[in-house]
Amino acid sequence: GGGGGWPSGGVPGAGGGGDLLALSRVPAVSLALARAWRAQLGAPDAGLVAVVRGATAEEVLVRQEALLPALERLRAEGALSGAELAARLLPSAAVQRARLAGLPDGAVLRARVEAARAGLPFRAGAFEGFLEDVGQAAPLRPEDLAGTVLGARIGPLLQRRGEGWAGPVVLQGVVDKTRVVAALAGGALLVDVRAELGGVLAAATSRVWAWLGGSAAAVLAVLALGLSRAGWRAGLGDAARVVSAVAAALMVTVAALTLGGVRLSLIHLVALQLVAGVGLDYALFFARRQLDLEERSRTLRTLVTCNGMTLLTFGLLATCQTPVLRDIGVTVAVGAVLAMGFASLLAGRPAAIEDEEFGR
């Protein structure tokens, strides 16, 4: 979870994969410390989850119990450190009835309790409630645990899904994923949560880049058409200068963030689109044919004022404690300054050329 740049060695989604950690602004040291604490506390790692489905909650519990020997064998072999599932907390009705059958009857249990109480400072009848509860004991169902601490623990592990039920088996400390998948493949649906979410991230990022490419081509065509009043050749030249100014601002912004140790993510990609829009506005103003030196001066003053307000607004965001807002603020603030500079250098029309054109 460390390092800079896009995941997979390039832009998000490159190489057909995605990295969810690229969306996290938590430092790598803090992430490693959190993983160590979770391991020491035995907290589940939601990287690999086995899902057991059934028509009823009881059917799910029975199928989970069938997995317990395989899970125990995997734990003993070191393939994983443990598993959290509903069947460990709430056995199936058949298992509960078998355990209840092993309890002594009322008379025997009362005699044993009295024998154990002898010589101890317990008043007579102190254990009557216990004896009555044992005599009335019956298998528990999930709904019997509603509103209890145990019910809150089981809730995420045994859920109704449409007309059926699902019971996730959260695997902890998976060391040998291949062996775990092979051992549980027949009794549960194995879901690699990180891989699935990473795939969603990669697909979404690929679509973003496709839309950006198409949008860039459309913008270039519109620019060439709009700037072609003096002829197609001049229009293409003006469009090329505008696009080069925007592209230069974007590339230098990315380079500056990377050199600053920023790990780029989809958040930065969204912010860079805003930088592109701001840079396009600046470049178009600088590229327009102006009447005289006074108009050029007014245009420059206006753009400097707009740039200052943009820098002030997103500079304030850059000081936020919220990581997403801070990333957007830093990216746009740096990009806006660079967009202004490159628009002036690359898109601006030299005064001598404009004077010559208007003189003709």
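# Briefing: a predicted chain with nine salt bridges

The chain has an accessible surface of about 20300 Å², and 65% of that area belongs to carbon and sulfur atoms. Accessible areas come from the Shrake-Rupley method with a 1.4 Å probe, and for residues only the protein chains shown count as cover. This is a predicted model: local features need pLDDT of at least 70, side-chain atom pairs count only at pLDDT 80 or more, and totals for chains, interfaces and linings use all residues. Residues are numbered from 1 along each chain as its sequence is written, and side-chain values use heavy atoms, with hydrogens and water left out.

**Overall make-up**

- The secondary structure comes to 14 helices and five strands. Helices (H or I, at least four residues) and strands (E, at least two) are DSSP runs, numbered from the N terminus.
- The chain has 360 residues, and 32% of them count as buried. Buried means under 20% relative accessible area, exposed means over 50%, and partly exposed lies in between (1.4 Å probe, protein chains only).
- Take the contacts between residues at least 6 apart in sequence: 72% of them join residues at least 24 apart. A contact means heavy atoms within 4.5 Å.

**Confidence**

- The average pLDDT of the chain is 80, and 81% of the residues score at least 70. pLDDT is the predictor's confidence in each residue, from 0 to 100.
- Over residues 1-17, pLDDT stays under 50. For this stretch the model has 33 contacts beyond four places in sequence.

**Salt bridges**

- The structure holds nine salt bridges. A salt bridge is a side-chain nitrogen of Lys or Arg within 4 Å of a carboxyl oxygen of Asp or Glu.
- Side chains of opposite charge can pair when their charged atoms come close.
- One of the bridges joins R75 and E72, with the closest N and O atoms 2.5 Å apart. Both residues lie in helix α2 (residues 57-77). They are three residues apart, about one turn of the helix.
- R75 is partly exposed because its relative accessibility is 40%. E72, with a relative accessible area of 36%, is partly exposed.
- E84 and R153 also meet through their side chains in a salt bridge (3.1 Å, N to O). E84 lies in strand β2 (residues 82-84) and R153 in helix α7 (residues 149-154), so this pair ties together parts that are 69 residues apart in sequence.
- E84 counts as buried at 15% relative accessibility, whereas R153 counts as partly exposed at 46%.
- R141 forms a salt bridge with D144, where the closest N and O atoms are 3.6 Å apart. R141 is partly exposed, at 47% relative accessible area. D144 is partly exposed too, at 38% relative accessibility.

**Nonpolar surface patch**

- L120, F122, F127 and F130 form a nonpolar patch on the surface. Together they have about 370 Å² of accessible area.
- Patches are made of residues with over 30% relative accessible area and no salt bridge: like charges are joined within 9 Å, nonpolar side chains (Val, Leu, Ile, Met, Phe, Trp, Tyr) within 5 Å.
- F130 is found in helix α6 (residues 128-135). F130 counts as partly exposed, with 44% relative accessibility.

**Cysteines**

- A disulfide is a pair of cysteine sulfur atoms within 2.5 Å. By this rule, the count comes to zero disulfides.
- C306 counts as partly exposed at 38% relative accessibility. C320 is partly exposed, with a relative accessible area of 23%.

**Positions brought together across the sequence**

- V170 lies in strand β4 (residues 164-172). V170 counts as buried, at 14% relative accessibility. V170 and A86 are 84 residues apart along the chain, and their C-alpha atoms are separated by 9.9 Å.
- S81 lies in the loop between α2 and β2. From S81 to L171 is 90 residues in sequence and 8.0 Å in space, C-alpha to C-alpha. Leaving aside neighbours within four places in sequence, S81 is in contact with R75, Q172 and G173.
- Q96 sits in helix α4 (residues 93-101). Q96 is buried, with a relative accessible area of 10%. Beyond its neighbours within four places in sequence, Q96 is in contact with L90, P91, A138, P139 and L140.
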